[in-house]
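Here's a quick tour for someone meeting this structure for the first time. Have a look at it, and then we'll walk through a few helices and a core.

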Amino acid sequence: MVLSEDEALELLAFLVTAARTQVDEAAEYSSLRLLTAAGRLADAIVDRVSPDTRAFLTGPLKQAPDLAVRSADPAGYAASLDAVCRAVGQLLVDHFRLDRRAT
Amino acid sequence: MTNSVLEAIRTRRMARALTAEPVDRADLEELLKAARRAPSAGNRRLHRFVAIQDPLTLRLLRMVTPGMFQRPTAIVVICIDGGRAESFGMRPTAKGLYVDVGTTAQTVLLAAHSLGLGAGVVTSFSQAAVSAVLNLPEGWSPEMFICLGHAAPVQPAGMRPRGNVTWQTLTHWERFPAKE
């Protein structure tokens, strides 16, 4: 198990309370909060995951700026998220051995 | 001109990364004394402070505070005492209540800076969850956290690049001209 109950509860509490705070906050904070949640999850599991996943957590995911918001640089923000998404897509392909399945 | 107050205003920054070094109780008490000196509309004193240093309580507060990037070793929670506000005939939405949250926060931020502490304000939390974690009295609403600690040497990049904001760009002198 890569996540203890305490750690899972921490993430759950973050997600639930973020759902509430987002009702009142700037719309652009929604991406920020999701990235923060991803970062907190990463911090919780980084020592217990496979080397490939750890490389993603400490590499592309860590490079996503903590406090960036879309309005400061819309194109740059989307591009930085695209980079993280590309990396997570490749991680999924590798982790689940998608390209090594018998066809 | 050397003016320590103006210098403190110029050099204060929000600390969004803090070390694990605890805040001395004596320093925390100095900040609370400063908070007590903050402007309060009508000297009504409708705000209450909850000071937290217990590590587990700090941890739980962080769990229900999506806007908390730092890991503070102390928090001052600025609360509005709704019952006391009501006794003055104030509605819960009266803007003065929230203006005083801001003036209190700025007073504490400057006091923290003067003591060499790192501090940052956070308002992105669930008031309902925070009330439950702190077991706040009926009628008290938590409005702002002042997260305290010792600033880490490296701070995360800000939300936006620093633009060319000057006091002049923020200021208009005298009356606006009549529309043609």
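The buried residues of H2(A) are Tyr29(A), Leu32(A), Arg33(A), Thr36(A) and Leu41(A); buried means that 20 or more other C-beta atoms lie within 10 Å of a residue's own, with C-beta atoms placed from the backbone. Helix H1 (5-24) of chain A is among what covers them. Helices here are DSSP runs of H or I with at least four residues, strands are E runs of at least two, and both are numbered from the N terminus.

This is a predicted model, where local features need pLDDT of at least 70, side-chain atom pairs count only at pLDDT 80 or more, and totals for chains, interfaces and linings use all residues. Residues are numbered from 1 along each chain as its sequence is written, while chains are lettered from A and ligands numbered from 1 in the order in which they are written.

Over in chain B, the axes of H2 (residues 25-36) and H5 (residues 95-114) come within 8 Å and cross at roughly 145°. The axes are lines fitted to C-alpha atoms over the stretch in contact, with angles from 0 to 180 degrees between N-to-C directions. Here's who makes that contact (C-beta atoms within 7 Å, placed from the backbone):

| Helix | Contact residues |
|---|---|
| H2(B) | Glu30(B), Leu31(B), Ala34(B), Ala35(B) |
| H5(B) | Thr104(B), Thr107(B), Val108(B), Ala111(B), Ala112(B) |

Now for the largest nonpolar core, which has 43 residues; such a core is a set of buried Ala, Val, Leu, Ile, Met, Phe, Trp, Tyr and Cys residues joined through C-beta atoms within 7 Å. Ile146(B) is one of those with the most contacts inside it. Among the residues Ile146(B) touches are Ile75(B), Val76(B) and Val108(B), not counting residues up to four places away in sequence.

Definitions and conventions. A residue is buried if 20 or more other C-beta atoms lie within 10 Å of its own, exposed if 12 or fewer, and partly exposed in between; C-beta atoms are placed from the backbone. Two residues are in contact if their C-beta atoms, placed from the backbone, lie within 7 Å.
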